[in-house]
Number of protein chains: 2
Amino acid sequence: MRQILLVANKYRVPVFPRGGGTGLAAACMPTMSGIILSLERMNKISIDKDNLMAEAEAGATLGDLIKAADEAGLFFPLHPGDEGAHIGGLIACNAGGVRAIKTGVMRNYVKGIEVVLPTGEILILGGKLVKNNAGYDLMQLIIGSEGTLGVVTKAWIRLQPRPQASATIIIPFEDRRKALEFVPKIFQIGVFPLAIEYVEKELVDQTAKILGMSWPCKEGKYHLMLILAESSEEALLLECEKLMDLCEKVGVLEPIIAERREEQANILKIRSEIYSALKNELIDILDTTVPPAKMADLIESVNKLAKKYETYIPAFGHAGDGNLHLHLMRKEGWSKDDYDRLRDEIYEKTIQLGGTITGEHGIGYVRRECFKKFVDRKALELMKEIKKAFDPNNILNPDKIFI
Amino acid sequence: MRQILLVANKYRVPVFPRGGGTGLAAACMPTMSGIILSLERMNKISIDKDNLMAEAEAGATLGDLIKAADEAGLFFPLHPGDEGAHIGGLIACNAGGVRAIKTGVMRNYVKGIEVVLPTGEILILGGKLVKNNAGYDLMQLIIGSEGTLGVVTKAWIRLQPRPQASATIIIPFEDRRKALEFVPKIFQIGVFPLAIEYVEKELVDQTAKILGMSWPCKEGKYHLMLILAESSEEALLLECEKLMDLCEKVGVLEPIIAERREEQANILKIRSEIYSALKNELIDILDTTVPPAKMADLIESVNKLAKKYETYIPAFGHAGDGNLHLHLMRKEGWSKDDYDRLRDEIYEKTIQLGGTITGEHGIGYVRRECFKKFVDRKALELMKEIKKAFDPNNILNPDKIFI
């Protein structure tokens, strides 16, 4: 690895590190002649039960990590989508997913990395360390840098005790705003779910149909899907009770509670496959993120835009995080400019609401132009200086993030 | 603020940002002529219950934050020591504290900052955002940079639902290694404490005496102090039961369980004041951190060094984190060189065990020489490039971290 980068740096050959290829911002896409650096054969993974750490090579998959932790009686709390994603990629894009509200994102779990710099040096940053404050945190800088500052080859990832009981609950509402305003109330009564997802019934029904499955909640147009994970069955029951009391007080439609593992897996499967169901007609999946309490405002604004542009913008998202995935769908007769115009209007609204154009998918190749438009000048200048310090010849993933 | 930095930058005047002055690495100490920039009058704080966010100015204290969150029915999960610490300082040094195992450190809670750069620009990085992946994470870089990259003036800090019940448990052991080997077993049975502290009876008894209090556990020389915080009394009881079953299985001395708020506060008070009790005769408090399962090895090595150097090195630490605070005490006839020699030997052992010279206190002024000795050359070079990009004239806290 070191040799490849040394040679590439010497002869100024672009290098494109590639993990599982499951990212949604084309951060691993080779966009010019160069070397595609696949890490898939560096796939060892082992669990250190006494330090609660996984040691994983970059090419191990999310699925491998979840399985290895489980076999050791421990738990990797995140679930950032596709289980074929590689550890290196999860770190490169600081993956998030449905469980970020309670457990945080990838950068909260990575405690150490081995990284090969574009100039050929190998750095070990952190390690099996729960705390480390020795100078600037270069590891945190590399996490989320989308393969532009270094090639992560190995990582030490903190695991947690395994929750002993979980339930998936669907709460239906007739009114979208009422659904989203329910979210902070959950926290305020002291309940702390692993996930709170917002879905629209029409879209999940459509997805379920494609999968030959059935979404269990038949009422209401707007659904919150919650996952509760607790340390015991008794604790879970109590949290469910608190939640049901709140439902009654607020006045919602009839909630569905799934406790059997299979039932829960089916609901999660349908939720996870919404993207696949839309994929064929999809032009772009947006990753707009606003303060959670502004999510209803964002959806309403987007619906107005959909009317204005006479198009359909399916939406679902991580309601606890304010992370809304909006889908720009193929429209007969539209050119790139038409999609760009609509996207820009959505991004402007997002920024107005105190948000960001990407909460978890990153900039990659597809958002470079928008990023340039919306990022602060000075911040961009600093990022470019950092890129130059790490990669003076601009060989590593050279046309990502920046344009 | 901006004007001060613009003028200072123009005339190359050093600026020393100062928060509560509670840091333990002298990161805020003015070490040459210049401007001391106190942020204590920027102390507003407000809670946004719907977004679970505190908006705090840099000069608000940790105590203010805890109180404001509590009054809003929410919870700030960290407790990094002195409640007089300022928010700006907590961010500048990425504060940790006793609760890092379950809840993480400061960088896991800071979701947005307003920062004034040494060149006078004001950046807003992040916001009331649970997720943000828009380019390199400059905010994460600034967190832990000890006031050398920018002056944090405001922050958005994520709060959590309040745990409804807590207990403090002291488990005594006759054998140190047995005590520390008990720690991973706690996680393996699925119990996830808020804190696991390691103390030695002699030292806590001594501290309690100075405070006119009494440490409730009379047995054993080595104690683990655990805090459990759960969503309900019932859940707490079940976790306590699991823990007591483990105690019986492993064979420990008689544990003490404190459930009343006052009892718990007294135990925490004694634990928190160990540092104060030692302060008068203290030369240096170390902040060595190793993989948690290596903590017994580190303590044993340090005890050998204490014998070799014929001195006393009191120790306590965050057992769940592998973060051990070792105290170099005044010794008749010793010069700076003697203390330096001992410290270096401790640091060498720490690094051998896969550790770091500072887990939570940072480099500041006091650890600059050691940092230079133990940091990777290339990593240091990158840090210096970053410093140069942010602060081309080296005016901001100019002699901290780097030498």
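1. In this predicted model, the side chains of Asp321(B) and Lys131(A) meet in a salt bridge, with N and O 2.8 Å apart. The pair crosses between chains. Asp321(B) sits in the loop between strand S15 (315–318) and strand S16 (323–329) of chain B, and Lys131(A) in the loop between strand S7 (122–126) and helix H5 (138–142) of chain A. Both Asp321(B) and Lys131(A) are buried.

2. Lys131(A) has another partner in chain B. Glu360(B) forms a salt bridge with Lys131(A), and the closest N and O atoms are 2.8 Å apart.

3. The contact between the chains can be described by residues and by area. In chain B, 86 residues are in contact with 86 residues of chain A. The area buried between the two chains is about 6,700 Å², and carbon and sulfur atoms give 63% of this area. Lys131(B), Asn133(B) and Tyr136(B) supply 16% of the area that chain B buries against chain A, more than any other three residues.

4. Polar contacts also join the two chains: the count between chain B and chain A is 34 residue pairs, both members being at pLDDT 80 or more. On the side of chain B that touches chain A, the elements giving two or more residues include helix H4 (100–103), strand S9 (160–161) and helix H8 (233–250) of chain B. Which element gives the most to this side? H14(B) does, with 9 residues. By class, this side of chain B has 36 nonpolar, 30 polar and 20 charged residues.

5. Within chain A, a salt bridge of 2.9 Å (N to O) joins the side chains of Arg177(A) and Glu300(A). Arg177(A) lies in helix H6 of chain A and Glu300(A) in helix H11 (residues 295–308) of chain A, so the pair ties together parts that are 123 residues apart in sequence. Arg177(A) counts as partly exposed, at 27% relative accessibility, and Glu300(A) is partly exposed as well, with a relative accessible area of 31%.

6. Helix H6 of chain A, residues 176–188, has several buried residues, among them Arg176(A), Leu180(A), Phe182(A), Ile186(A) and Phe187(A). Its N-terminal end is capped by Asp175(A), which has a side-chain oxygen 3.2 Å from the backbone nitrogen of Arg177(A). After H6(A) comes Gly190(A), with a positive phi near 95°.

7. Leaving out residues up to four places away in sequence, Arg343(A) touches Asp284(A), Leu286(A), Leu328(A) and Cys370(A). A network of salt bridges links Arg343(A) with Asp284(A), Lys336(A) and Asp340(A).

8. Another salt bridge in chain A is formed by Glu273(A) and Lys269(A), with the closest N and O atoms 3.4 Å apart. Glu273(A) is partly exposed, with a relative accessible area of 22%. Lys269(A) is likewise partly exposed, with a value of 37%.

9. In chain B, strand S4 (residues 53–57) is mostly covered, with 4 of its 5 residues buried. Strand S3 (residues 45–48) of chain B runs antiparallel to S4(B) and is joined to it by 4 bridges. Here Ile47(B) stands opposite Ala54(B). S3(B) and S4(B) form a hairpin with 4 residues between them, and Leu52(B) in the turn has a positive phi of about 55°.

10. S4(B) also pairs with strand S8 (residues 151–158) of chain B, in the antiparallel sense and over 5 bridges. In this pairing, Glu57(B) stands opposite Lys154(B) of S8(B).

11. Glu71(B) is in helix H2 (residues 62–71) of chain B. Glu71(B) counts as exposed because its relative accessible area is 61%, and exposed means over 50%. The C-alpha atoms of Glu71(B) and Leu278(B) are separated by 35 Å, and the two residues are 207 residues apart along the chain.

Notes: Residues numbered from 1 in each chain as written. Chains lettered and ligands numbered in written order. Predicted model: local features only at pLDDT ≥ 70, side-chain atom pairs only at ≥ 80, totals over all residues. Heavy atoms only, no water. Contact = heavy atoms within 4.5 Å. Buried area = accessible area lost by both parts, 1.4 Å probe. Salt bridge = Lys/Arg side-chain N within 4 Å of Asp/Glu carboxyl O. Polar contact = N/O pair within 3.5 Å; in protein donor to acceptor, adjacent residues only side chain to side chain. Nonpolar A, V, L, I, M, F, W, Y, C, P; charged D, E, K, R; others polar. Buried < 20%, exposed > 50% of the residue type's maximum accessible area, 1.4 Å probe, protein only. Pairing = 2+ DSSP bridges.
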